[in-house]
Amino acid sequence: MSMINTERISSGIEGIDVLLQGGMIKNSVNSIVGSSGTGKTTFALAYLYQGLLNGDHTLYLSFEETPSKLIGEAEALGIDIRGLTNDSEDLIHLVESEKIVEFMTNILPALAQKLKHRNVKHTRIVLDPLTPILWEFPSEKEQRKVLTKIYQHLSSLGTVLQTIEEPNAFGQTDIGATETRVPIYLSDSVVHIQNLGLGGKYNRTCKIIKSRKTPHHEGIYPLNFVNGPGIAIDTSSVETVAMDTVVYDIRYQELMKKVKDLSKDKDPKKRIIAQIAKNLLGEREKKDTIQNMELVEVLTDKQILQEVKK
Amino acid sequence: MSSKSGINSELEDLTHLDEVEASILFRIDGNVVDSSFKEKYSHKLLRTIQWCKANVDKVSLEMKSGNLNKVTYELNEFCVIFYVVNNITILTTISSKNANLSLLSIESKRKALLLVNYL
């Protein structure tokens, strides 16, 4: 699978960068589609957290939940937003539903212009969820017109991640529903997450259904809620097929991030594990670290760490 | 032992058999009561499981009208055995095509008789 040379940013979600061949394309519009309880907001919060880690400017627009509730949800999954910033609640802006149209069509473009003048390196923008905006425009024609305008402003400002609610009953799916059709069509990449209700590793799954300029992986991959990164996608079935340079780099970066988090842990045993893992990973340029990477994956496995804690 | 863990341990027993990839206790409307899978994740198996989930209602109706206890399907690389547990649940065993189906049928029947005690 060859890689098209486009500047990319890490999504912050373990596994997604592997599936998207290096992450999200800078200044693109990316959608997370799923029904209730599939993990869309957790996805968005992990994306925001990665932005804070990278020193990006972040703009999280919540159309339903309050900032304190969202930060609380993130913390429950180990995404420590408060630990990275002093004014965590200023990161997330609650936009009231009756002001959505005005906000999206007038205030946001003005805000985009202001940020452009402030010379911000890169901005991550989150719209969570987009669905109430779509309700304001019942006809698909209108939706398309307004969303095109909004996306033009936002993508000139930064990389957009939006969540879209899939209007279906538990365990069922209809990706082509009226409520999702237009934003999916206009997005550069679409990740579909589902709760299949099958239990075990087949319970929650993730599939890339669209990714412009990227020859992405086509399979359905297990998705799990994990303490720390929030969400992790098991891409082990991809990695056993081929380990090209891009996949190697992404895996290396993901592992280094994991090890870095672990080295800050209160538990001294975990800090020792982090040191061992760091030594095993060694220099990035050394390609013989592939075997060691597998060792580090085992060492930093959630279950193994729980055993250590015991 | 709760009934849920009892069901799960019976299903796990089935998946411990070499050729069995998954064992799922379905309600006849397609909802999963409990399930057990082999360690390794497989896209192809997921597609087969989704087929089972989508069709278990039709299969159970056919079984009821034909007064059948067991139905076997061959799908791609897998073999699926549906075994009636009671009026509202069906045990589904998914194995590789090369599995000894006679042995699996006997084992499915034995598990169905055990599972009914938990329901």
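Strands β3 (residues 29-34) and β7 (residues 159-165) of chain A run side by side in the parallel sense, joined over 6 bridges. Strands here are DSSP runs of E with at least two residues, helices are runs of H or I with at least four residues, and both are numbered from the N terminus; two strands pair if DSSP finds at least two bridges between them. Within this pair, Gly34(A) sits opposite Glu165(A) of β7(A). The model is a predicted one, in which local features need pLDDT of at least 70 and side-chain atom pairs count only at pLDDT 80 or more, while totals for chains, interfaces and linings use all residues. Residues are numbered from 1 along each chain as its sequence is written, with chains lettered from A and ligands numbered from 1 in the order in which they are written.

Both strands belong to an open sheet of 9 strands in chain A, with mixed pairing and the order β5-β4-β6-β7-β3-β8-β9-β10-β11. At its edges are β5 (92-94) and β11 (230-233) of chain A, each pairing on one side only. Neighbouring strands of the sheet are turned against each other by 25° on average, direction ignored. As for helices, α6 (residues 140-157) of chain A lies across β3, β6 (123-128) and β7 of chain A, and runs at about 145° to β6(A). Axes are lines fitted to C-alpha atoms, for helices over the stretch in contact, and angles run from 0 to 180 degrees between N-to-C directions.

Chain A as a whole has 12 helices and 11 strands. Among chain A contacts between residues at least 6 apart in sequence, 68% join residues at least 24 apart.

Next come the nonpolar cores, sets of buried Ala, Val, Leu, Ile, Met, Phe, Trp, Tyr and Cys residues joined through C-beta atoms within 7 Å. The largest has 91 residues, of which Leu48(A), Val126(A), Leu25(B) and Ile49(B) touch the most other members. Helix α2 (residues 40-54) of chain A gives the largest share of this core, 8 residues. Beyond its neighbours within four places in sequence, Leu48(A) is in contact with Thr58(A), Tyr60(A), Leu91(A), Arg124(A) and Val126(A). A second, separate core of 8 residues includes Ala274(A), Ala277(A), Val296(A) and Leu299(A).

Helix α2(A) is mostly covered, with 13 of its 15 residues buried. Its end C-alpha atoms are 21 Å apart, which agrees with the 21 Å that 15 residues should span at 1.5 Å a residue, the expected span being 1.5 Å times one less than the number of residues. Just after α2(A), Gly55(A) has a positive phi of about 80°.

Most residues other than glycine have a negative phi, and most peptide bonds are trans. Gln21(A), not a glycine, has a positive phi of about 55°. This residue lies in the loop between α1 (16-19) and β2 (24-25) of chain A, and Gln21(A) is buried because 23 other C-beta atoms lie within 10 Å. Lys213(A) also has a positive phi, near 65°, and belongs to the loop between β9 (204-211) and β10 (220-226) of chain A. Lys213(A) has 15 C-beta neighbours inside 10 Å, so it counts as partly exposed. Finally, the peptide bond from Asp128(A) to Pro129(A) is cis, with omega near -15°; Pro129(A) is in the loop between β6 and α5 (131-136) of chain A.

Definitions and conventions:
Contact = placed C-beta atoms within 7 Å. Buried ≥ 20, exposed ≤ 12 C-beta atoms within 10 Å, placed from the backbone.
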